[in-house]
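Welcome! Let's take a friendly look at one strand and the neighbours it pairs with.

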Amino acid sequence: MPKRKFETVEEFEAHISQAEELIFDGTENPVERPQNNDDQKSKFSGKKKTHTDIALLLSDKRTWIYYLSMLYVGSQVDMGILKKEFPPGEGWFKLFKVIFDLGFTGVDKVYDFRELVIGFRKPRKSEKNPNPELSETQKEYNKAVSAQRIYVEHAIGKMKIFRILKNRCRLKCPETKNKIIGVCAGLWNHKLSLKY
(Lines give C-alpha, C1' and ligand atoms only; values in the text may rest on other atoms or scores of the structure.)
Protein backbone atom coordinates (compact mmCIF):
# COMPACT_ATOMS: atom_id res chain seq x y z
CA MET A 1 0.00 0.00 0.00
CA PRO A 2 1.26 3.51 -0.68
CA LYS A 3 1.90 5.74 2.32
CA ARG A 4 -0.75 8.39 2.90
CA LYS A 5 1.20 10.60 5.33
CA PHE A 6 4.80 11.06 6.51
CA GLU A 7 5.44 12.24 10.05
CA THR A 8 9.20 12.82 9.67
CA VAL A 9 11.80 13.28 6.93
CA GLU A 10 13.55 10.11 8.16
CA GLU A 11 10.35 8.09 7.66
CA PHE A 12 10.02 9.56 4.14
CA GLU A 13 13.62 8.73 3.21
CA ALA A 14 13.32 5.16 4.51
CA HIS A 15 10.09 4.55 2.61
CA ILE A 16 11.43 5.70 -0.77
CA SER A 17 14.99 4.40 -0.38
CA GLN A 18 14.61 2.15 -3.45
CA ALA A 19 13.64 5.01 -5.77
CA GLU A 20 16.36 6.44 -8.00
CA GLU A 21 14.31 9.53 -8.73
CA LEU A 22 10.95 10.87 -7.60
CA ILE A 23 8.16 12.06 -9.89
CA PHE A 24 5.27 14.09 -8.44
CA ASP A 25 1.92 14.80 -10.05
CA GLY A 26 -1.67 15.56 -9.09
CA THR A 27 -4.62 13.42 -10.11
CA GLU A 28 -8.24 14.58 -10.24
CA ASN A 29 -11.35 12.42 -9.96
CA PRO A 30 -14.75 13.78 -11.08
CA VAL A 31 -17.49 13.97 -8.45
CA GLU A 32 -21.19 14.82 -8.41
CA ARG A 33 -21.92 18.56 -8.36
CA PRO A 34 -22.68 19.51 -4.73
CA GLN A 35 -26.04 21.12 -3.92
CA ASN A 36 -24.53 23.69 -1.56
CA ASN A 37 -23.21 26.81 -3.32
CA ASP A 38 -20.04 27.08 -1.19
CA ASP A 39 -19.27 23.39 -1.75
CA GLN A 40 -19.74 23.91 -5.47
CA LYS A 41 -17.11 26.64 -5.47
CA SER A 42 -14.62 24.63 -3.42
CA LYS A 43 -15.07 21.46 -5.50
CA PHE A 44 -14.87 23.23 -8.87
CA SER A 45 -11.62 22.64 -10.74
CA GLY A 46 -10.74 25.41 -13.18
CA LYS A 47 -8.32 23.02 -14.88
CA LYS A 48 -10.92 20.30 -15.56
CA LYS A 49 -13.92 22.69 -15.80
CA THR A 50 -15.93 20.40 -13.54
CA HIS A 51 -16.26 19.39 -9.88
CA THR A 52 -13.48 17.11 -8.67
CA ASP A 53 -11.43 15.71 -5.82
CA ILE A 54 -7.66 15.99 -6.19
CA ALA A 55 -4.79 14.00 -4.69
CA LEU A 56 -0.99 14.24 -4.91
CA LEU A 57 0.88 11.15 -6.10
CA LEU A 58 4.57 10.17 -5.93
CA SER A 59 5.96 7.56 -8.31
CA ASP A 60 9.18 6.50 -10.04
CA LYS A 61 10.22 5.02 -13.40
CA ARG A 62 8.82 1.61 -12.42
CA THR A 63 5.40 3.33 -12.00
CA TRP A 64 5.43 2.18 -8.35
CA ILE A 65 3.18 4.41 -6.24
CA TYR A 66 5.15 5.29 -3.08
CA TYR A 67 2.83 7.95 -1.76
CA LEU A 68 -0.73 9.12 -2.28
CA SER A 69 -2.09 12.10 -0.36
CA MET A 70 -5.57 12.25 1.08
CA LEU A 71 -8.17 13.75 -1.25
CA TYR A 72 -8.54 17.54 -1.37
CA VAL A 73 -11.31 19.61 -2.95
CA GLY A 74 -10.88 20.32 -6.67
CA SER A 75 -10.14 24.03 -6.26
CA GLN A 76 -6.79 23.18 -4.61
CA VAL A 77 -3.68 23.25 -6.80
CA ASP A 78 -0.75 20.81 -6.94
CA MET A 79 1.77 23.23 -5.41
CA GLY A 80 -0.55 24.12 -2.54
CA ILE A 81 -1.09 20.44 -1.66
CA LEU A 82 2.66 19.77 -1.82
CA LYS A 83 3.31 22.55 0.72
CA LYS A 84 0.62 21.18 3.05
CA GLU A 85 1.80 17.57 2.84
CA PHE A 86 5.54 18.33 2.89
CA PRO A 87 6.02 21.49 5.02
CA PRO A 88 8.89 23.64 3.61
CA GLY A 89 12.15 24.06 5.47
CA GLU A 90 12.51 20.47 6.71
CA GLY A 91 14.78 19.09 3.94
CA TRP A 92 12.38 16.53 2.45
CA PHE A 93 14.04 16.30 -0.96
CA LYS A 94 17.66 17.34 -0.39
CA LEU A 95 18.93 13.79 -1.14
CA PHE A 96 16.84 13.15 -4.25
CA LYS A 97 16.43 13.95 -7.91
CA VAL A 98 12.82 15.15 -8.24
CA ILE A 99 10.83 15.71 -11.44
CA PHE A 100 7.83 18.06 -11.58
CA ASP A 101 5.45 19.40 -14.20
CA LEU A 102 4.58 23.08 -14.61
CA GLY A 103 1.86 22.81 -11.97
CA PHE A 104 4.71 23.08 -9.46
CA THR A 105 6.32 26.24 -10.86
CA GLY A 106 8.23 28.04 -8.08
CA VAL A 107 9.06 24.85 -6.17
CA ASP A 108 12.77 25.69 -6.39
CA LYS A 109 12.16 28.74 -4.17
CA VAL A 110 10.50 26.68 -1.44
CA TYR A 111 12.47 23.39 -1.27
CA ASP A 112 16.08 22.20 -1.56
CA PHE A 113 16.90 19.37 -3.99
CA ARG A 114 19.90 17.28 -4.95
CA GLU A 115 18.65 17.74 -8.50
CA LEU A 116 15.46 19.42 -9.73
CA VAL A 117 13.92 18.78 -13.16
CA ILE A 118 11.09 21.11 -14.24
CA GLY A 119 10.20 22.64 -17.60
CA PHE A 120 10.02 26.25 -18.75
CA ARG A 121 6.72 28.11 -18.56
CA LYS A 122 5.74 30.35 -21.46
CA PRO A 123 6.19 34.05 -20.52
CA ARG A 124 3.08 36.11 -19.80
CA LYS A 125 1.58 38.20 -22.56
CA SER A 126 2.27 41.93 -22.10
CA GLU A 127 2.50 45.15 -24.08
CA LYS A 128 6.27 44.70 -24.41
CA ASN A 129 5.85 41.03 -25.35
CA PRO A 130 2.51 40.66 -27.21
CA ASN A 131 3.36 37.21 -28.67
CA PRO A 132 5.25 35.30 -25.94
CA GLU A 133 7.01 32.17 -27.15
CA LEU A 134 9.56 29.75 -25.78
CA SER A 135 12.87 29.42 -27.60
CA GLU A 136 13.58 26.24 -29.57
CA THR A 137 16.08 25.19 -26.89
CA GLN A 138 13.45 25.62 -24.17
CA LYS A 139 10.90 23.64 -26.20
CA GLU A 140 13.38 20.79 -26.65
CA TYR A 141 14.13 20.85 -22.92
CA ASN A 142 10.40 20.69 -22.10
CA LYS A 143 10.05 17.63 -24.36
CA ALA A 144 12.92 15.96 -22.53
CA VAL A 145 11.28 16.71 -19.15
CA SER A 146 7.98 15.27 -20.41
CA ALA A 147 9.77 12.09 -21.46
CA GLN A 148 11.21 11.74 -17.94
CA ARG A 149 7.94 12.36 -16.10
CA ILE A 150 5.62 10.30 -18.32
CA TYR A 151 6.00 7.39 -15.88
CA VAL A 152 3.91 9.12 -13.21
CA GLU A 153 1.15 9.57 -15.81
CA HIS A 154 1.36 5.83 -16.49
CA ALA A 155 1.10 5.12 -12.75
CA ILE A 156 -2.03 7.29 -12.52
CA GLY A 157 -3.48 5.56 -15.58
CA LYS A 158 -2.83 2.11 -14.12
CA MET A 159 -4.48 3.13 -10.85
CA LYS A 160 -7.50 4.39 -12.79
CA ILE A 161 -8.19 1.09 -14.56
CA PHE A 162 -10.76 0.78 -11.77
CA ARG A 163 -13.91 2.48 -12.95
CA ILE A 164 -14.78 3.88 -9.53
CA LEU A 165 -11.88 6.32 -10.01
CA LYS A 166 -12.41 6.92 -13.72
CA ASN A 167 -16.16 7.61 -13.64
CA ARG A 168 -17.94 10.39 -11.78
CA CYS A 169 -18.03 9.42 -8.10
CA ARG A 170 -21.43 9.65 -6.38
CA LEU A 171 -20.16 8.77 -2.90
CA LYS A 172 -20.48 11.50 -0.27
CA CYS A 173 -18.32 10.08 2.56
CA PRO A 174 -14.70 11.41 2.35
CA GLU A 175 -13.34 8.51 4.45
CA THR A 176 -14.78 5.95 2.05
CA LYS A 177 -13.42 7.78 -1.01
CA ASN A 178 -9.96 8.00 0.56
CA LYS A 179 -9.99 4.27 1.31
CA ILE A 180 -11.05 3.44 -2.25
CA ILE A 181 -8.34 5.47 -3.97
CA GLY A 182 -5.74 4.04 -1.57
CA VAL A 183 -6.84 0.45 -2.26
CA CYS A 184 -6.79 1.04 -6.04
CA ALA A 185 -3.20 2.33 -5.80
CA GLY A 186 -2.27 -0.62 -3.57
CA LEU A 187 -3.73 -3.11 -6.05
CA TRP A 188 -1.59 -1.64 -8.83
CA ASN A 189 1.51 -1.89 -6.61
CA HIS A 190 0.62 -5.51 -5.85
CA LYS A 191 0.38 -6.32 -9.57
CA LEU A 192 3.70 -4.58 -10.15
CA SER A 193 5.36 -6.51 -7.28
CA LEU A 194 4.50 -9.80 -9.04
CA LYS A 195 6.32 -8.54 -12.12
CA TYR A 196 9.55 -7.53 -10.33
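**Strand β3 and its partners**

Strand β1 (residues 21–30) pairs with β3 in the antiparallel sense, over eight bridges. Here, strands are DSSP runs (E, at least two residues) numbered from the N terminus, and two strands pair if DSSP finds at least two bridges between them. This is a predicted model, in which local features need pLDDT of at least 70, side-chain atom pairs count only at pLDDT 80 or more, and totals for chains, interfaces and linings use all residues. Residues are numbered from 1 along each chain as its sequence is written, and side-chain values use heavy atoms, with hydrogens and water left out.

**Pairing partners**

- Strand β2 (residues 44–45) runs antiparallel to β3 and is joined to it by two bridges; Phe-44 has His-51 as its bridge partner.
- A hairpin is formed by β2 and β3, with four residues between them. In its turn, Lys-49 has a positive phi of about 60°.
- Strand β5 (residues 72–73) pairs with β3 in the antiparallel sense over two bridges, and Val-73 in β5 stands opposite Asp-53.
- Strand β4 (residues 67–68) is also antiparallel to β3, with two bridges joining them; Tyr-67 in β4 is the bridge partner of Leu-58.

**Burial**

- Strand β3 (residues 50–59) has 10 of its 10 residues buried, so it is largely enclosed by the rest of the structure. Buried means under 20% relative accessible area (1.4 Å probe, protein chains only).
- Both faces of β3 are covered: buried residues include Ile-54 and Leu-56 on one side, and Ala-55 and Leu-57 on the other.

Definitions and conventions: Buried < 20%, exposed > 50% of the residue type's maximum accessible area, 1.4 Å probe, protein only.
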